[in-house]
Amino acid sequence: MYMLSVVLRGVCCIELRHFRIKSVLYLGGFGHIPVFAGYIGDGFLDACAVGDVFASPDMNPMLESIKFADSGQGVLCIVANYGGDRMNFDMACEMAEMDDIEAIKVIVADDVASASKEEAKKRRGVAGFVYVSKVAGAAAAKGYSLSDVADVAQKASDNCRSIGVALSSCTVPQAGKPTFEIANDEIEIGMGIHGEPGVGRSKITSVDDVVDEMLSHLLEDRPAQAGDRMAILVNGLGGTPIEELYLILRRAKSELEKIGVKLEHIRVGNYATSMEMAGASITLMQLDDELKTLLTADAVCPFWEN
Amino acid sequence: MSFTTKSIQHTITEIKQVIDPIGAELNELDGRLGDGDLGVTMINGFANMGRITDDMPEDVGQALFAAAKAMTAVSGSSFGTLMATALMAAGKSVKGRDAVEWSEIPKLLQLAQDAMISRGGASLGDKTVLDSLEAVIKATTGMSDPESMQKAASIAAKEALAEFIDKPNKIGRARVYADKSIGLEDPGMVAMCRLIDAIPAK
């Protein structure tokens, strides 16, 4: 992991220019493997700029990525809602403008535990950015215009809600010690993807109880009705085995189906990790025909295949 | 004579030669209230800007952007980011021009100040480099001779430093120690004084 973070610091991109119609790229810190170097591929991302573990890249790799990804029609940049990422991206955008490259950003802020509904704009971006990137990449591959790619990516982002739980911390290499302390028999609901504090800590209970609490936060924020179409991503944070993730899916699926929700796309696995943290997150994305088509469109990259 | 890419190159080269002792002083000042990396930011920033001066384009706007890029490449600190923000805001307004009149410089500084306020979230009166900049803009507006502008700027920056020394810091890490910051020089304001004095007169 540490080696990778060194190798991949700077611009990470794969030569796909000849496939590209519009360009989509992701800008943000590292430490969330496979986010996002692992999602570079046909029908997904064209480039990404990565920083050190849990730190925004400075604007230079961002600018290089934008320049690399631009095919003359502009670039859509997907940025998770963190201060450093946003500030550096704004600067990279100003730089790109000087070179007459149009760079549009879509901010992902899907973590319902990080701010109230009234302050939804302040929410952190977590695993929802995988969905947003997939949708945007598929739209670009289908030949949408840059502004249409941005619109559908924004729609995907608006339709995403996520919440995470953590059972153990991770250690950022530069810090050298665990980001937070948590007892062996404790669980934190709403923990952020970098170990930011959640909404509550308690003794570990059964998976079903934990899932019920996660769902109650998600559905309180965006109530579901019978007939709603949704995609669900049960995401491991790194240290949780996949069997346990399937236990989460089992409960979530049955509870959502009780309400009458149709789960039309299901993913279970490590899609946006937090180094070696034990825990998981659930992301729900409300679907319509367009989002479903784009989410299930062909994509070829190391960590996602349709 | 007007302000050109040559002026930028010359300024960076001259400051680079004297930045080490300035940086040491700033590190110490910053260590009392902040994270103590202001001097490092300055030393690394000017060293890296010095590396690219030979390749700067004649377009003054692009040259200022190149300086901003070099600054951010070595520093993630907030002061480095704000310096780059300032350079970019000024650069954007003179894109495509090979020469800028000295009398326009206060206007560029004003754009830089606006951009720093909007990106950094500080306000005038918070005891930051913005207050120094404000004093410098006021002192140099309406002037067109670089030598007298530098003298006026130098005096204004020092007066601002003295005016604010007994006020508390209202933003950034120093805000946490607001009371402790009373009576202390703000490191960013000191940086402004030292940089102005390090700029070659011509």
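This note goes through a predicted model, point by point.

1. Conventions. The model is predicted: local features need pLDDT of at least 70, side-chain atom pairs count only at pLDDT 80 or more, and totals for chains, interfaces and linings use all residues. Residues are numbered from 1 along each chain as its sequence is written, while chains are lettered from A and ligands numbered from 1 in the order in which they are written.

2. Confidence in chain A. The average pLDDT (the predictor's confidence in each residue, from 0 to 100) of chain A is 87, and 92% of the residues score at least 70. Residues 1-22 of chain A have a pLDDT below 50, yet this stretch has 40 contacts in the model beyond near neighbours in sequence. Two residues are in contact if their C-beta atoms, placed from the backbone, lie within 7 Å. Where pLDDT is low, the predicted coordinates should not be read in detail.

3. Domains of chain A. Chain A splits into domain 1 (2-159) and domain 2 (161-292); the bounds come from an automatic or database domain assignment. Between the C-alpha centres of domain 1 of chain A and domain 2 of chain A there are 23 Å. Their contact takes 25 residues from domain 1 of chain A and 31 residues from domain 2 of chain A. On the domain 1 side, the elements that give two or more residues are strand S3 (47-53), helix H4 (128-141) and helix H5 (146-158) of chain A. Helices (H or I, at least four residues) and strands (E, at least two) are DSSP runs, numbered from the N terminus. H4(A) supplies the largest share of that side, four residues. By class, the side of domain 1 of chain A that touches domain 2 of chain A has 14 nonpolar, five polar and six charged residues. Here Ala, Val, Leu, Ile, Met, Phe, Trp, Tyr, Cys and Pro count as nonpolar, Asp, Glu, Lys and Arg as charged, and the others, Gly among them, as polar.

4. Contact between the chains. Eight residues from chain A and 13 residues from chain B make up this contact. On the chain A side, helix H2 (59-69) and helix H3 (83-98) of chain A are the elements that give two or more residues. H3(A) gives the most, with five residues. The side of chain A that touches chain B consists of five nonpolar, one polar and two charged residues.

5. A helix pair in chain A. The axes of helix H6 (residues 207-221) of chain A and helix H7 (residues 242-259) of chain A come within 9 Å and cross at roughly 55°. Axes are lines fitted to C-alpha atoms, for helices over the stretch in contact, and angles run from 0 to 180 degrees between N-to-C directions. H6(A) and H7(A) are therefore oblique to each other; angles under 35 degrees count as roughly parallel, over 145 as roughly antiparallel, 65 to 115 as roughly perpendicular and the rest as oblique. The crossing of H6(A) and H7(A) is right-handed. A crossing is left-handed if the near helix is turned anticlockwise from the far one by less than a right angle, and right-handed if clockwise. The contact includes Val207(A) and Asp208(A) of H6(A) and Arg251(A) and Glu255(A) of H7(A). Its residues divide into six nonpolar, no polar and four charged.

6. Helix pairs in chain B. Helix H1 (residues 5-33) of chain B and helix H2 (residues 38-52) of chain B have axes that come within 6 Å and cross at roughly 165°. That makes H1(B) roughly antiparallel to H2(B). Their crossing is left-handed, and the contact residues divide into 13 nonpolar, five polar and four charged. For helix H5 (residues 105-120) of chain B and helix H6 (residues 129-140) of chain B, the axes come within 9 Å and cross at roughly 160°. H5(B) and H6(B) are therefore roughly antiparallel to each other. The crossing of H5(B) and H6(B) is left-handed, and by class their contact has nine nonpolar, three polar and one charged residues.

7. Backbone points to check. Most residues other than glycine have a negative phi, and most peptide bonds are trans. The peptide bond from Ile33(A) to Pro34(A) is cis, with omega near 5°. The bond from Val35(A) to Phe36(A) is cis, with omega near -15°. Pro34(A) lies in the loop between strand S2 (23-30) and S3 of chain A, and Phe36(A) is in the loop between S2 and S3 of chain A. Met275(A), a residue other than glycine, has a positive phi, near 60°; Met275(A) lies in the loop between strand S10 (262-269) and strand S11 (279-286) of chain A.
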